[in-house]
Amino acid sequence: MFSRNRPSAAPADPTPSAPTPGEHGVGKGHRTPTRKEAEAARRHPLVPTDRKAAAKAERAAARETRDREYQAMQTGDERYLPLRDKGPLRRYVRDHVDARHNLGEYFLPVSIVMVVAVMLSGNNVTAGLVVILVLYIAVAATIVDAVILARGLRRRLHAKFGVGGVPKGTLMYGVLRAFQLRRMRLPKPQVGRGQYPS
């Protein structure tokens with residue numbers, strides 16, 4: 001039953017089988033480098049040999065990146081915008097703010113006029129108080145407008161992008177944009193007044 005001299009029952013198949021990946025002739029085409037060879041290939045100096053040329057190349061690359069980002073800020077090209085302005089969510093916020101009439105964008109000019117008016121009022125206490133009262137009313141109206149903007153923007157973002165929550169900083173991004181003069185905003189407005197994003 002367990003004899004060593006017993007002949008095998010079936011002869012081996014004479015046709016050669018397909019070579020397996022581990023066999024000779026099949027593989028990646030080169031040997032795996034040793035650890036010493038791999039470390040030698042990765043080794044490079046921490047400080048470049050020509051520091052002036054390396055610094056010049058680094059400045060040129062940084063200038064090219066800045067120029068690309070500035071051009072993208074002018075045209076609205078999403079590929080080269082800075083990280084804080086990238087993405088469909090931020091694009092939607094920008095378009096919503098740019099389509100709206102915001103009191104915040106008039107706040108700076110009104111404040112400058114009020115400061116000049118206080119200076120011109122001189123010793124007239126009544127005129128000075130009236131100017132300061134008007135300035136306080138402008139500040140309060142601007143804050144109320146910013147709150148209305150943030151609430152409406154949150155509602156629209158939930159409707160457009162789902163109920164997963166508005167990422168932190170998105171509403172403040174819109175409010176701060178609303179406080180900039182329209183022609184000074186970067187990225188430049190891509191929509192006209194009243195053209196709200198769908």
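This is a predicted model: local features need pLDDT of at least 70, side-chain atom pairs count only at pLDDT 80 or more; totals for chains, interfaces and linings use all residues.
Salt bridges to begin with. The count comes to 12. Take Arg 185 and Asp 98, whose side chains meet at 2.8 Å, N to O. This pair links distant parts of the chain: Arg 185 sits in the segment after H6, Asp 98 in helix H3, and 87 residues separate them. Both residues are buried. They also belong to a network, where salt bridges with shared partners join Asp 98, Glu 105, Arg 177, Arg 185 and Arg 193.

Next, Glu 78 and Arg 94. Their closest N and O atoms are 3.4 Å apart. Glu 78 is in the loop between H2 and H3, and Arg 94 is in helix H3, 16 residues apart. Arg 94 counts as buried because its relative accessible area is 4%. Glu 78, at 26%, is partly exposed.

Arg 84 and Asp 85 form another salt bridge, at 3.1 Å. Arg 84 is exposed at 52%. Asp 85 is buried at 1%.

Now Arg 100. Where is Arg 100 placed? In the loop between helix H3 and helix H4. With 12% relative accessibility, Arg 100 is buried. Its side chain makes polar contacts with the side chains of Asn 102, at 2.6 Å, and Asp 145, at 2.9 Å.

Arg 63 lies in helix H2, residues 51-75, and is partly exposed at 44%.

Last, the backbone. Most peptide bonds are trans. Leu 186 and Pro 187 are joined by a cis one, with omega about -10°. Pro 187 is in the segment after helix H6.

Terms used: Residues are numbered from 1 along each chain as its sequence is written. Side-chain values use heavy atoms; hydrogens and water are left out. Helices (H or I, at least four residues) and strands (E, at least two) are DSSP runs, numbered from the N terminus. Buried means under 20% relative accessible area, exposed over 50%, partly exposed in between (1.4 Å probe, protein chains only). A polar contact is a pair of N or O atoms within 3.5 Å; within protein, one must be able to donate a hydrogen and the other to accept it, and residues adjacent in sequence count only if both atoms are side-chain atoms. A salt bridge is a side-chain nitrogen of Lys or Arg within 4 Å of a carboxyl oxygen of Asp or Glu.
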